[in-house]
Amino acid sequence: MSSINYSEKIPNNVNLVNDRTLQRALEHWQPHFLQWWQHLGPRDFQSADVYLRTAISVDAQGWAHYGTVKMPDYRWGIFLADPVAERKIGFGDQMGQPAWQQVPGEYRSTLRRLIVTQGDTEPASVEQQRLLGHTCPSLYDLRNLFQVNVEEGRHLWAMVYLLHAYFGRDGREEAEELLARHSGDADKPRILTTFNEPVSDWLSFYCFTYFTDRDGKYQLKSLAESAFDPLSRTCRFMLTEEAHHMFVGETGLARVVKRTLEVMKEIGAEDPARVRAAGAVDLTTLQKYINFWCSSSLDLFGSEISSNSAANFANGLKGRPDETQYQDHVLRESSFSLETPEGPQTVPMLNALNEVMRESYLKDCEIGLKRWNRQIERAGFAFRLTLPSTRFRRTIGAWAGLPVDPKGNLVSKELYEKNLPGWIPSESDRAFVHSLMKKVVEPGKMAAWIAPPDRGINNLPVEYEYVKLH
Ligand SMILES: [Fe+2]
Ligand SMILES: [Fe+2]
């Protein structure tokens with residue numbers, strides 16, 4: 001197990017002290033990162049004392065330390081999972097050959113692009129969520145928001161380390177650009193559309209952490225398979241932290257459902273208007289938020305048919321999530337049958353890997369829906385939450401821009417436009433959800449639209465003062 005050196009400016013387990021040039025370059029980037037954090041990180045809570053976990057090792061048993069810290073003092077560091085001795089490439093045309101410790105020249109720009117694209121999402125999500133603290137439903141939730149935020153900050157560090165350590169001057173320039181692009185910025189937006197969508201209420205935040213952080217999980221899993229070993233090790237450790245982000249989403253939405261069901265029982269009705277009047281999120285509105293964030297996240301996997309994904313796989317740059325679960329790791333002989341607007345099409349499997357990934361992602365998304373639907377069923381109501389079809393509201397790929405309903409049927413343009421406000425949140429739905437968002441900061445108290453969590457953080461009670469405001 002490699003331990004982390006906390007006496008250094010930048011905690012790390014990559015022996016930074018032995019590489020003075022790299023250390024100096026990262027120490028030069030550090031104040032830029034902190035400026036960005038002050039400027040675009042959580043607004044107005046920089047002096048609050050927050051109960052946070054900090055990575056202190058990559059040991060599966062005890063990698064995190066819990067304690068109270070002001071966010072700007074958080075120890076963002078560089079941690080790679082321990083190396084696997086004599087690791088071999090696990091897929092693609094070079095399968096079985098030794099994994100790379102350096103970037104092969106011919107894949108340099110592609111690998112850099114993959115790292116930059118992943119890296120860009122990390123600070124983007126912090127920017128998207130920066131105003132949420134003002135309307136937190138509880139101190140417990142406020143703490144979870146900040147935990148996610150500081151860890152996305154650390155994920156940026158993880159990618160910046162790779163850029164600095166392996167991509168020379170280009171890499172350093174890209175690291176600066178990661179702080180120059182901003183979510184929603186008209187001139188310099190973030191790279192991917194979903195990361196420019198505002199996350200201005202907590203229902204969106206829970207959907208984002210459920211659907212969009214889960215896309216992150218799948219991207220990290222596929223990069224964890226990479227032949228470029230430092231990337232693989234970096235992503236493996238990031239996945240450890242990522243699990244909590246999805247926990248926040250899944251339990252957040254489960255608590256919304258729970259509270260809504262309590263209200264529905266109290267008033268003895270499913271009628272959305274009456275549920276709203278009683279101060280809860282009606283299930284129809286929740287379904288619209290799910291449709292919005294799920295469809296937006298589905299685009300992140302890219303086109304159904306992609307020569308880039310084929311090349312990235314064949315060259316060993318990016319595998320499938322959990323590559324070992326498959327039999328065939330080369331895929332030169334297999335094909336995939338795809339539904340396109342022109343009818344079924346058979347394409348080489350290598351070209352359909354985005355779709356393979358999207359399918360396994362959706363299976364993972366189903367788990368939460370099953371759980372929430374069981375809650376609804378047990379409460380005696382007929383409503384069922386569903387995931388939208390992969391064809392709905394796509395802006396990338398074979399179904400991009402086509403009028404498709406959430407079930408996946410092609411409909412007329414008129415019908416689509418007429419019904420869209422019933423499928424995704426309308427202005428008035430958003431206004432209603434925003435009207436529920438009132439800050440609750442008394443320890444143990446919850447906003448009326450969400451049930452308390454089953455338990456607190458790190459065995460502390462729910463009533464613990466997770467954030468001390470001054
Ligand atoms: Fe992340
Ligand atoms: Fe995340």
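**Chat on the two iron sites**

Q: Which residue bridges the iron ion (ligand 2) and the iron ion (ligand 1)?
A: E152 does, and the two ions lie 3.4 Å apart. Keep in mind that this is a predicted model.

Q: Which residues coordinate the iron ion (ligand 2)?
A: E152 (OE), D213 (OD), E242 (OE) and H245 (ND1). The distances run from 2.0 to 2.2 Å.

Q: What about the angles at the iron ion (ligand 2)?
A: They span 87 to 171 degrees among the four donor atoms. The site is classed as irregular. Tetrahedral would need all angles between 85 and 135 degrees, so the 171 degrees rules that out.

Q: How are its donor residues spaced in sequence?
A: For the iron ion (ligand 2) the pattern is E-x60-D-x28-E-x2-H.

Q: Are E152 and E242 buried or exposed?
A: Both are buried. E152 has a relative accessible area of 3%.

Q: Now the other ion. What coordinates the iron ion (ligand 1)?
A: E122 (OE), E152 (OE) and H155 (ND1), at 2.0 to 2.2 Å. Their spacing along the chain is E-x29-E-x2-H. Here, too, distant parts of the chain are linked, with E122 in helix α2 (residues 108-128) and E152 in helix α3, 30 residues apart.

Q: And E122, buried or exposed?
A: Buried, since its relative accessible area is 3% and the cut-off is under 20%.

Q: Switching to helices. How do α3 and helix α4 (residues 168-180) cross?
A: Their axes come within 6 Å and cross at roughly 155 degrees. Over 145 counts as roughly antiparallel, so α3 and α4 are roughly antiparallel to each other.

Q: Which residues of α3 and α4 meet?
A: From α3, L156, V160, L163, H164 and Y166. From α4, G168, G171, R172, E174, A175, L178 and L179. By class, this contact has seven nonpolar, three polar and two charged residues.

Q: What is S296 in contact with, leaving aside its neighbours within four places in sequence?
A: T194, E197 and R393.

Q: And how far are S296 and F211 apart?
A: In sequence, 85 residues. In space, 8.9 Å from C-alpha to C-alpha.

Definitions and conventions:
Residues are numbered from 1 along each chain as its sequence is written. Chains are lettered from A and ligands numbered from 1 in the order in which they are written. This is a predicted model: local features need pLDDT of at least 70, side-chain atom pairs count only at pLDDT 80 or more; totals for chains, interfaces and linings use all residues. Side-chain values use heavy atoms; hydrogens and water are left out. Donors are N, O and S atoms within 2.8 Å of the metal (3.2 Å for Na, K and Ca); water is not among the atoms, so sites may look incomplete. Four donors count as tetrahedral if all angles lie between 85 and 135 degrees; four count as square planar and six as octahedral if opposite donors are over 155 degrees apart and all others between 65 and 115; anything else is irregular. Buried means under 20% relative accessible area, exposed over 50%, partly exposed in between (1.4 Å probe, protein chains only). Axes are lines fitted to C-alpha atoms, for helices over the stretch in contact, and angles run from 0 to 180 degrees between N-to-C directions. Helices (H or I, at least four residues) and strands (E, at least two) are DSSP runs, numbered from the N terminus. Angles under 35 degrees count as roughly parallel, over 145 as roughly antiparallel, 65 to 115 as roughly perpendicular and the rest as oblique. Contact means heavy atoms within 4.5 Å. Ala, Val, Leu, Ile, Met, Phe, Trp, Tyr, Cys and Pro count as nonpolar, Asp, Glu, Lys and Arg as charged, and the others, Gly among them, as polar.
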